[in-house]
Amino acid sequence: QCKKTFKNIAFDVSRTIVFAAFGINSNENREHDFRNANPLHLIIGGVIFIICFITTIALIVSIVFSRS
């Protein structure tokens, strides 16, 4: 088995989190992702995703209400 680089791991975790958040992953890919991923990476990535998502929504709402 080949060693994964940080870039590959970060891409795989990011892809897993985004696909899971929007529900667009196939059952086969989801099982593969969760079988091969490090749970700590998924938790940290998920927390970062949620913080970015909430911040983006808050900024959009703030911009919309400041212009009205």
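**Helices and rings**

Author: Helix α1 passes helix α3 in a right-handed crossing. (A crossing is right-handed if the near helix is turned clockwise from the far one by less than a right angle, left-handed if anticlockwise; helices are DSSP runs of H or I with at least four residues, numbered from the N terminus.) Before we go on: this is a predicted model, where local features need pLDDT of at least 70 and side-chain atom pairs count only at pLDDT 80 or more, while totals for chains, interfaces and linings use all residues. Residues are numbered from 1 along each chain as its sequence is written, and side-chain values use heavy atoms, leaving out hydrogens and water.

Reader: Which residues of α1 and α3 make the contact?

Author: From α1 they are I9, V13, T16, I17, V18, A21 and F22, and from α3 H41, L42, G45, G46 and F49. Contact here means heavy atoms within 4.5 Å.

Reader: Why are α1 and α3 called oblique to each other?

Author: α1 (residues 6-22) and α3 (residues 39-66) pack at about 60 degrees, with axes 10 Å apart. Axes are lines fitted to C-alpha atoms over the stretch in contact, and angles run from 0 to 180 degrees between N-to-C directions. Under 35 degrees counts as roughly parallel, over 145 as roughly antiparallel, 65 to 115 as roughly perpendicular, and the rest as oblique. The α1 and α3 pair is therefore oblique.

Reader: What makes T16 buried or exposed?

Author: T16, in helix α1, has 5% relative accessibility, so T16 counts as buried. The cut-offs are under 20% relative accessible area for buried, over 50% for exposed, and partly exposed in between, with a 1.4 Å probe and protein chains only. Leaving aside residues up to four places away in sequence, T16 touches D33, F34 and L42.

Reader: And how do you know whether I43 is buried or exposed?

Author: I43 sits in helix α3 and has a relative accessible area of 55%, so I43 is exposed. I44, also found in α3, comes in at 44%, so I44 is partly exposed.

Reader: What makes F22 and F49 an edge-to-face pair?

Author: Their rings are 6.3 Å apart centre to centre, with 90 degrees between the planes. Rings of Phe, Tyr and Trp (its six-membered ring) pair if their centres lie within 6.5 Å; planes under 30 degrees apart count as stacked, over 60 as edge-to-face, and the rest as tilted. F22 belongs to α1 and F49 to α3, so the pair ties together parts 27 residues apart in sequence.

Reader: Why is the pair of F49 and F53 called stacked?

Author: The ring centres of F49 and F53 are 6.0 Å apart and the planes are at 15 degrees, so the pair is stacked. Both residues lie in α3, 4 residues apart, about one turn of the helix.

Reader: Which residues form one aromatic cluster?

Author: F22, F49 and F53 do. As for accessibility, F22 is at 52%, so F22 counts as exposed, while F53 is at 40% and therefore partly exposed.

Terms used
Helix = DSSP H or I, 4+ residues; strand = E, 2+ residues; numbered from the N terminus.
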